[in-house]
Amino acid sequence: MGRVMTIAMVLILAGCGGGDRFKGRDAGVAAPTAPMAFGPISKACMASDREARSRRLCGCVQWVADQSLSRSDQRRAAGFYGDPHSAQEIRQSDRRRDERFWKAYSDYGDRAARICG
């Protein structure tokens, strides 16, 4: 079950919804277009083989990452695009560093889904 949740989270971040993907975004985002940024997550997103990837979506999830994750955490999370199983290993780890990272990554995933998805 945990593996399914991890893969679902990775796919949410790499996929997109239909119609107006930016409805219901956080109150801090008032512009009619999606926020955009470029960095390790947007680069991994664009390089992925996910059908739903786009500059707009990948730029948006990077923008949320810039607000939510340190640069080192972003690099770590970007690796999930190429190796989703590593996310499962981190999620199940008992190491304090991995637990802190997973909490931040989960919060980031929830926020990215609201804003970008």
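Mentor: Begin with the definition of the elements: helices are DSSP runs of H or I with at least four residues, strands are runs of E with at least two, and both are numbered from the N terminus. In this model, which is predicted, the elements run α-α-α-α-α-α from the N terminus on, giving 6 helices and 0 strands.

Trainee: How are helix α2 and helix α3 arranged, and at what angle do they pack?

Mentor: An angle over 145 degrees counts as roughly antiparallel. Helix α2 (residues 40–47) and helix α3 (residues 55–68) pack at an angle of about 150 degrees, with 8 Å between their axes, and therefore α2 is roughly antiparallel to α3. The crossing of the two helices, α2 and α3, is right-handed.

Trainee: Which residues of α2 and α3 make the contact?

Mentor: On α2 they are P40, I41, S42, C45 and M46, and on α3 they are R55, C58, G59, V61, Q62 and A65; by class, the residues of this contact divide into 7 nonpolar, 3 polar and 1 charged.

Trainee: How many residues does the largest nonpolar core have?

Mentor: The general idea is that nonpolar side chains tend to be buried together in soluble globular proteins. Here the largest nonpolar core has 24 residues, and I41, V61 and Y108 have the most contacts inside it. Two or more residues of this core come from each of α2, α3, α4 (71–82), α5 (84–92) and α6 (96–116), with α6 giving the largest share, 7 residues.

Trainee: What share of the protein's residues is buried?

Mentor: Of the 117 residues in the protein, 46% are buried.

Definitions and conventions. Residues are numbered from 1 along each chain as its sequence is written. This is a predicted model: local features need pLDDT of at least 70, side-chain atom pairs count only at pLDDT 80 or more; totals for chains, interfaces and linings use all residues. Side-chain values use heavy atoms; hydrogens and water are left out. Axes are lines fitted to C-alpha atoms, for helices over the stretch in contact, and angles run from 0 to 180 degrees between N-to-C directions. Angles under 35 degrees count as roughly parallel, over 145 as roughly antiparallel, 65 to 115 as roughly perpendicular and the rest as oblique. A crossing is left-handed if the near helix is turned anticlockwise from the far one by less than a right angle, and right-handed if clockwise. Contact means heavy atoms within 4.5 Å. Ala, Val, Leu, Ile, Met, Phe, Trp, Tyr, Cys and Pro count as nonpolar, Asp, Glu, Lys and Arg as charged, and the others, Gly among them, as polar. A nonpolar core is a set of buried Ala, Val, Leu, Ile, Met, Phe, Trp, Tyr and Cys residues joined through side-chain atoms within 4.5 Å. Buried means under 20% relative accessible area, exposed over 50%, partly exposed in between (1.4 Å probe, protein chains only).
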